[in-house]
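Let us walk through this model. We start with a pair of charged side chains, then turn to a helix and a pocket.

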Amino acid sequence: MNWVLSMTYYWLKAGHIVFVIFWMAGLFMLPRFFVYHQEAEPGAPENAQWVEREARLIRIILNPAMVVVWVLGLVLAWSTGAYTQGWFHLKLLLVLLLSGYHGWLIGYHKKLARGVRQLDGKRLRLLNEVPGIAAALIVILVVLRPF
């Protein structure tokens, strides 16, 4: 029985990592899509194509991956007792902030779809660094468990 429980843990962990990769890939791609989208003329067919590409990325990759990451992550935290540890609290905060960033990206996609272009390409390229920094900090917390 212990063997079955330990194998379940490893499958949950593997699934969590796989869907984190999917989520992060989407979080890296969407701001880049925004850069290209903003280079298209408003009202042009290319503009409509970027709206559709962004919507598909959000619908097919970003949203489902984030949901699975949260579900598997919370199950893992509960099953290992990590929710009582300090490193996990900081990781959870970072994942909450990353989820907020995810929501902000979706909001910006909706603005672009309406023709509102608030940010320039340089700022969007800088925003592309947010998930990388968050991922680095989260990996350090999970691997080193500094507190």
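**Salt bridges, a helix and a pocket**

Arg56 and Glu52 sit four residues apart in helix 2, about one turn of the helix. Helices here are DSSP runs of H or I with at least four residues, numbered from the N terminus. This is a predicted model: local features need pLDDT of at least 70, side-chain atom pairs count only at pLDDT 80 or more, and totals for chains, interfaces and linings use all residues. Residues are numbered from 1 along each chain as its sequence is written, and side-chain values use heavy atoms, with hydrogens and water left out.

Arg56 and Glu52 form a salt bridge, their closest N and O atoms 3.6 Å apart. The term means a side-chain nitrogen of Lys or Arg within 4 Å of a carboxyl oxygen of Asp or Glu. Glu52 also forms a salt bridge with Arg59, with the closest N and O atoms 4.0 Å apart. Shared partners join Glu52, Arg56 and Arg59 into one network. Arg56 is partly exposed, with a relative accessible area of 37%. Buried means under 20% relative accessible area, exposed over 50%, and partly exposed in between (1.4 Å probe, protein chains only).

The whole structure holds three salt bridges. One of them pairs Glu39 with Arg125, the closest N and O atoms being 4.0 Å apart. Glu39 lies in helix 1 and Arg125 in helix 4 (residues 121–127), so the pair ties together parts that are 86 residues apart in sequence. Glu39 is exposed at 55% relative accessibility. Arg125 is partly exposed at 36%.

Now take helix 5. Which of its residues are buried? They are Pro131, Ala134, Ile138 and Leu141. These residues cover an arc of only 95° around the axis, which puts them on the same side of helix 5. The arc is that of the directions from the helix axis to the C-beta atoms. On the other side of helix 5, Ile133, Val139, Val143 and Leu144 are exposed. Just after helix 5, Arg145 takes a positive phi of about 45°.

Helix 1 gives the largest share of the lining, eight residues.

Terms used. Helix = DSSP H or I, 4+ residues; strand = E, 2+ residues; numbered from the N terminus.
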